[in-house]
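Trainee: Hi, could you walk me through this one? I'd like to ask as I go.

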Amino acid sequence: MRDRSMRSAVFRARTSDEFANQQSFDQAVAGLVRSIPIPPDIAEWFSAKDLVSPSKWTWKKTVRNPAVLAIGIALVVIAGVLVFQFVARLNDFPGSATARKLLTIAASTRSVLLDPVSADAGTLSDLFFMKHGLEHYDVPAEFADFRTIGCRVFEDDQSQRVAQIWVAEKRIQFFLFPAERDVKTGAVLRFPGWRYVHQEGWVAAVTEHNGVCFMAALPGREKDLAPYISKTKQ
Amino acid sequence: MLGDARKAQEIFQTTLREAALRAAHGELPKEPFWLFRDARWRCLEASETDLQAEPLEIDEHDIVPEAPSQIEQLEPAQLAIWISSAPDPQRTALTLFYLDEFDYREILDLAELKLSELSRLLAVGRRQFQAWLDAMLPKKPNV
């Protein structure tokens, strides 16, 4: 019996007397039918050939098979996850992991946590160098004129020193952090122009210069940040 | 289906002849049971011209353990006549089921029935046949 429901129905009924009687009744009738003599000229038609051709394999039948359907859905989901990861990795660049972590920090930071500083962002390079010994922590020209509210220097979970600047415009925050380096050679892993990262409703544009990454972040989408980026973005 | 070997043979040959003609014209249907379906309709058409059994309230009995021994006493022709006198689609259902060549899905397809209908027709057919056996033949203990 190919059919599962029929098998389970027979399994349930197999112990009842009525079912046993029915089975022996059916077998007896079928036996009597088999004993019907078939004229020789007709019998030769049924010699060795199967008059009913086996049902043909079709895509429709295969797709309707629950096992095939389940495997198909699983493969689609796996493929979807792989494609999603591949697309996510397409936008990766050296330092993108750190940039995403810093976006989380940006989302949770309150301005009161920063030291109040009211100045042009471009002028804070000297402060970082003189007060904290951070070389090349320069704000790019695109953002140098933004007025700051506050800034701070802290160490991230990899003991890298990160400079954070809060500016007055649109809750934008800047981050300066060491660029990623080759594990073997120690050489800075450079990338040209600006790269975008997204994290939980925040977007950031990151660029690398002199071994230091600069990141401008704001809550919103890429189009909100794009106008600030110079036309040299890649 | 007919209870008449001569008629059955005629219909078999007519069906095959028709099939051969269709094959020659490349018009054979793709579905697997077309030959049986064709033969079934020919049988039904042929039996329409026969004497028709009067519609009667037929007794129904529970199937008894002695039924196999009762059936052993029957001639195949008696069974054929009994089945052929049943109204269609019960006749088709009983014929295809007791031919023991088709699974129930194939029977549903061929007889153009729903599963519940087939089940009811077979159940009623068994009980009616048991009543007929009880009326016609003495029960022997089933050893």
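Trainee: Where does Arg171(A) lie?
Mentor: Arg171(A) is in the loop between S3 and S4 of chain A; strands (E, at least two residues) and helices (H or I, at least four) are DSSP runs, numbered from the N terminus. This is a predicted model, where local features need pLDDT of at least 70, side-chain atom pairs count only at pLDDT 80 or more, and totals for chains, interfaces and linings use all residues. Residues are numbered from 1 along each chain as its sequence is written, while chains are lettered from A and ligands numbered from 1 in the order in which they are written.

Trainee: What is phi of Arg171(A) near?
Mentor: Phi is near 50° there, a positive value in a residue other than glycine.

Trainee: And why does Arg171(A) count as partly exposed?
Mentor: Because Arg171(A) has 14 C-beta neighbours inside 10 Å. Buried takes 20 or more other C-beta atoms within 10 Å of a residue's own, exposed 12 or fewer, and partly exposed is in between, with C-beta atoms placed from the backbone.

Trainee: Switching topic: in what order do the 7 strands of the sheet come?
Mentor: The open sheet in chain A runs S1-S2-S3-S4-S7-S6-S5, with antiparallel pairing. Two strands pair if DSSP finds at least two bridges between them.

Trainee: Which are the edge strands?
Mentor: S1 (115-116) and S5 (195-199) of chain A, each pairing on one side only.

Trainee: How many bridges join S4 to S7 in chain A?
Mentor: There are 6, between residues 173-178 and residues 212-219. One pair is Phe177(A) with Cys213(A).
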